[in-house]
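Colleague: Please take one chain of this model and go over it closely, from its overall form down to individual contacts. Then tell me how that chain relates to the rest of the assembly.

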Amino acid sequence: MKNLPDAEVLFEQLAEKIKPLITSETALVGIHSGGAWLMERLLPLISPAGNGLANGILDVSFYRDDYSQRGLHTETRPSQIPFEVEGRHIILIDDVFYTGRTIRAAMNELFDYGRPASISLAVLVNRGGRELPIAPQISAYETTLTPDQNLQLLRQADGHFYLTLEENS
Amino acid sequence: MQNPQLTNDGKLKHLLSIEGLPKAIIKQILDTAESFVGVAEREVKKVPLLRGKTVCNLFFENSTRTRTTFEIAAKRLSADVITLNVSTSSQSKGETILDTIDNLTAMHADMFVVRHAQSGAAHMIAKHVAPHIHVINAGDGRHAHPTQGLLDAFTIRRYKPEMHNLRVAIVGDILHSRVARSEIHALTSLGVPEVRVIAPKTLLPENVEKLGVHVFHDMREGLKDVDVVMMLRLQNERMAGAMLPSSQEYFKTYGLTPEKLALAKPDAIVMHPGPMNRGVEIDSAVADGKQSVILPQVTYGIAVRMAVMSILAGNS
Amino acid sequence: MKIHIKNGHLIDPKNGIDSKKDLFIAAGKVVAIGNSPDSFVANQTIDANGLIVIPGLVDLSARLREPGFEHKATLESEMQAAVAGGITSLACPPDTDPVLDEPGLVEMLKHRAKQLNLAHVYPLGALTHQLNGQEITEMCELTEAGCVGFSQADIVIKDTQVLWRAMQYAATFGFTVWLRPEEPYLAKDGVAHDGEVAARLGLKGIPAAAETLAIASILRIAKETGAKVHLCRLSTAEGVDMVRAAKKAGQKISCDVSANHLHLTDFDIGFFDSNAHLRPPLRSQRDKEALSAGLIDGTIDAICSDHTPVDDDAKLYPFAEAEAGATGLELLLPLILKWAEDNKLNLNQAITAATQMPANILGVAAGDLSVNSNADVCIFDPKKYWKVEANSLFSQGKNSPFLGLELAGKVKYTLVNGHIVHQST
């Protein structure tokens with residue numbers, strides 16, 4: 001992946017792909033932090049003005065499966081799910097899909113709020129490497145990275161997105 | 001001197017006292033507690049962090065309230081909880097504290113929550129437990145009650161987020177109070193510029209001003225323009241004797257009445273660690289009044305204890 | 001047995017010696033200093049090159065724990081520790097079980113100590129029966145049995161009338177009364193100096209006034225009754241001032257300080273280190289400095305080890321419940337050396353406080369190396385560092401606030417009555 005794709009272009013594509021799935025029973029849930037940023041900007045794009053779509057933010061720190069190895073994340077944010085989860089069609093939003101473990105944690109957390117009618121997953125980039133039987137229904141871009149590569153979504157002060165790729169040695 | 005509460009790389013290993021805790025760790029605990037406040041409002045009020053872990057509440061001194069909040073906190077983290085009131089079992093048969101600890105360690109306890117009537121008991125236990133075990137001080141003698149100090153700081157931060165601008169008064173039996181010591185350390189660490197203590201000389205420790213507090217003996221003077229009034233419980237055994245003549249005189253001089261509270265800022269909040277002696281240190285009109293945040297303190301206490309336990313158990 | 005100690009630096013405060021001089025010993029006595037006596041043929045020669053040769057130390061307070069507390073220490077272990085620390089004479093307080101309040105017990109202790117043939121033991125008899133602070137003991141009988149003075153150890157006589165009578169009776173026969181000044185009501189349940197540290201740690205304090213009030217009444221009663229008084233373990237600056245004033249006014253009193261209090265303050269309690277739980281409590285920096293100054297100007301006469309071996313189990317309690325006391329016999333010399341160095345004193349002056357001065361207080365022939373005196377000698381390497389840890393101590397008590405510290409001053413040889421009773425490589 002020599003040239004990183006333009007995150008803004010991917011974002012437009014993601015929005016277009018999500019739009020058809022929206023009904024009055026849909027709720028968007030962004031995963032802290034990249035997924036929450038995406039959701040914030042998706043909301044005005046995909047929900048007609050005045051028709052506020054149910055939405056929330058999850059910080060999955062309390063549900064992570066690497067807690068016993070890595071401890072609690074030093075910066076946790078309160079999860080905010082200010083709508084009735086029961087019977088809702090939820091679209092989880094995240095920036096980069098990798099092993100699937102974060103999504104597993106997010107689904108567990110969601111179920112502690114109630115029983116949703118369905119959950120689907122939309123991500124900006126699917127970088128390959130999943131370790132669980134979980135995959136995004138929607139992704140704006142697919143690629144294959146090695147485990148020592150770290151793809152991250154970042155946000156500029158003006159709200160614009162960009163991607164970075166780090167090689168961990 | 002190595003701080004016995006921290007690991008070699010500066011993470012929280014035990015919570016024994018707020019004194020000496022880096023400000024970053026205090027803030028991490030309070031921030032994490034914010035996340036746990038929300039958990040209590042969910043359908044399932046539980047998170048799986050401490051699944052498979054065993055938390056042992058070891059109470060060498062009785063305290064239903066503190067014990068219960070620690071129990072709830074541990075259970076909401078999905079831990080298995082054992083509660084032992086040691087004052088009524090093995091201690092009376094001559095078993096030492098450390099024998100009790102060794103026995104529970106052999107039963108694979110991962111965390112001890114310890115309450116003891118002697119200052120320094122939690123430090124002693126922390127010094128002797130196996131390396132993988134975490135110790136939380138739930139009150140040792142007059143020394144410290146760090147989770148109470150933290151939950152009080154948390155409560156204040158929720159109502160008065162500008163901690164750099166606050167004037168706080170702690171009123172009552174400072175001499176015998178582990179709560180007061182922990183509150184003082186928590187508030188000064190978090191940058192509260194003025195912490196006052198208000199008490200008669202018989203209920204103040206020697207050199208108390210070295211803890212960074214301003215000393216007042218006259219309650220009316222001490223309450224002037226404060227943002228927060230923290231009342232302390234007066235133990236029954238102090239109500240008459242050489243320290244104080246009577247609970248009536250104490251109420252008159254140091255009890256918080258609406259009339260005295262009026263000297264504080266109009267939006268001042270009133271706190272109390274409970275259980276309250278109504279009519280001794282606090283008037284019912286104040287305890288149940290609109291400035292009182294005594295019940296929220298109890299609610300936040302669970303979130304703060306969940307935060308402490310989950311941070312500790314993750315630092316292996 | 002004739003011993004020639006050669007090439008050592010000899011310090012003997014009483015005789016004003018502080019130079020490289022040989023020491024000649026025969027039949028348990030010092031026979032010559034400097035030049036060899038005529039026809040002296042040594043059976044053994046000790047080369048003390050680079051070492052310091054001093055009179056064996058005299059310790060005013062060493063608990064040997066026998067009888068009654070053999071699980072904490074035994075006479076064998078503690079006497080071994082004494083000579084390993086260069087101590088050749090020691091006074092032991094009467095708080096054994098049973099209390100040293102009967103001549104038979106004193107005789108037995110003296111006999112047992114003599115059999116071990118290590119340091120000289122000088123028991124202090126109980127001032128009151130069972131140390132109960134009510135009935136005085138048979139002081140004449142006890143003196144005959146070997147007591148060199150009368151003490152209440154750490155148990156205070158609350159009833160001033162009894163104290164008055166006890167001092168009157170002791171004064172009748174010229175016996176010395178040893179008292180640790182502490183007003184019992186102010187000190188009640190206290191475990192630490194009533195200052196900043198106690199305030200922070202939530203420990204019950206013992207105010208300095210507990211000491212000064214007691215000193216005031218002891219000094220007054222001593223003056224009224226004419227009793228000879230030795231004040232044990234001064235710990236406060238004000239206490240030192242009071243003794244200084246009393247001595248200046250001509251009152252005949254003596255006093256001592258423990259080596260611990262010359263080096264440590266309440267801050268050394270750290271995070272509830274029960275090894276720093278001592279009696280009297282470790283006090284403030286200001287008190288520590290005043291004790292040091294008092295020792296230098298002669299207000300305080302002697303330094304003692306205040307040796308109190310405590311078994312490990314008794315220290316494994318929260319600070320207040322842990323038994324007070326610290327092992328001290330083997331630390332006395334290194335702590336005196338450190339004190340001298342910290343205060344830029346010459347060794348001669350420092351060592352007086354643990355040789356000649358305490359011997360005078362006890363009224364025994366010890367603490368000097370005059371010709372014809374008992375050949376009780378300590379030979380040590382002042383530059384050799386050793387680490388204070390459980391297995392470096394002979395004492396059965398392994399409890400010390402100095403654990404883990406490296407101290408300079410290692411005893412190489414100890415001689416008692418001209419016999420080598422301790423030797424280290």
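**Chain C and its surroundings**

Modeller: For a chain of 425 residues, a compact globule would have a radius of gyration near 22 Å, and chain C agrees with this because its own value is 21 Å. Keep in mind that this is a predicted model. Of its 425 residues, 59% count as buried. Take the contacts in chain C with a separation of 6 or more: 75% of them are between residues 24 or more positions apart.

Chain C can next be split into parts. The domain assignment gives domain 1 of chain C as 2–53 + 374–384 + 406–423, and domain 2 of chain C as 56–362. Taken over C-alpha atoms, the centres of domain 1 and domain 2 of chain C are separated by 29 Å. The two domains touch: 17 residues of domain 1 of chain C are in contact with 20 residues of domain 2 of chain C. On the domain 1 side, at least two residues each are supplied by β19 (377–387), β20 (406–416) and β21 (419–423) of chain C. The largest share of that side, six residues, belongs to β20(C). By kind, the residues on the domain 1 side divide into 11 nonpolar, three polar and three charged.

Two packed helices are described by the angle between their axes and the distance between the axes. Helix α8 (residues 237–248) of chain C packs against helix α10 (residues 285–296) of chain C at an angle of about 25°, and their axes are 8 Å apart. Angles under 35 degrees count as roughly parallel, so α8(C) and α10(C) are roughly parallel to each other. The residues that meet are C:A237, C:V240 and C:R244 from α8(C), and C:R286, C:D287, C:A290, C:L291 and C:G294 from α10(C). This contact of α8(C) with α10(C) is made up of four nonpolar, one polar and three charged residues.

Now the rest of the assembly. There are two pairs of chains in contact, and of these, chains B and C share the most contacts. The contact between chain B and chain C takes 23 residues from chain B and 18 residues from chain C. On the side of chain B that touches chain C, the elements giving two or more residues are α4 (121–128) and α6 (178–189) of chain B. α4(B) gives the most to this side, with three residues. The residues of this side of chain B divide into eight nonpolar, nine polar and six charged. No contact joins chain C and chain A, and their closest C-alpha atoms lie 27 Å apart.

Chain B also touches chain A, in a contact that takes 16 residues from chain B and 15 residues from chain A. Here the elements of chain B that give two or more residues are α1 (23–39) and α11 (294–314). α1(B) supplies the largest share of the side of chain B that touches chain A, six residues. That side of chain B consists of five nonpolar, seven polar and four charged residues.

Chain B has 11 helices and nine strands. Its radius of gyration is 19 Å, close to the 20 Å that the globule rule gives for 316 residues, so chain B is as compact as a globular protein of that length. The C-alpha atoms of chain B fill a box of roughly 55 × 45 × 40 Å along the principal axes. Of the 316 residues of chain B, 51% count as buried. Among contacts in chain B between residues at least 6 apart in sequence, those joining residues at least 24 apart make up 76%.

B:Q291 lies in the loop between α10 (284–287) and α11 of chain B. It is partly exposed, with 17 other C-beta atoms within 10 Å. Apart from its neighbours within four places in sequence, B:Q291 is in contact with B:L261, B:A268, B:I269 and B:V270. The C-alpha atoms of B:Q291 and B:V228 are separated by 9.7 Å, although these two residues are 63 residues apart along the chain.

Definitions and conventions
Residues are numbered from 1 along each chain as its sequence is written. Chains are lettered from A and ligands numbered from 1 in the order in which they are written. This is a predicted model: local features need pLDDT of at least 70, side-chain atom pairs count only at pLDDT 80 or more; totals for chains, interfaces and linings use all residues. Two residues are in contact if their C-beta atoms, placed from the backbone, lie within 7 Å. Helices (H or I, at least four residues) and strands (E, at least two) are DSSP runs, numbered from the N terminus. Ala, Val, Leu, Ile, Met, Phe, Trp, Tyr, Cys and Pro count as nonpolar, Asp, Glu, Lys and Arg as charged, and the others, Gly among them, as polar. Domain bounds come from an automatic or database domain assignment. The radius of gyration is taken over C-alpha atoms; the globule rule is 2.2 Å times the number of residues to the power 0.38. A residue is buried if 20 or more other C-beta atoms lie within 10 Å of its own, exposed if 12 or fewer, and partly exposed in between; C-beta atoms are placed from the backbone. Axes are lines fitted to C-alpha atoms, for helices over the stretch in contact, and angles run from 0 to 180 degrees between N-to-C directions. Angles under 35 degrees count as roughly parallel, over 145 as roughly antiparallel, 65 to 115 as roughly perpendicular and the rest as oblique.
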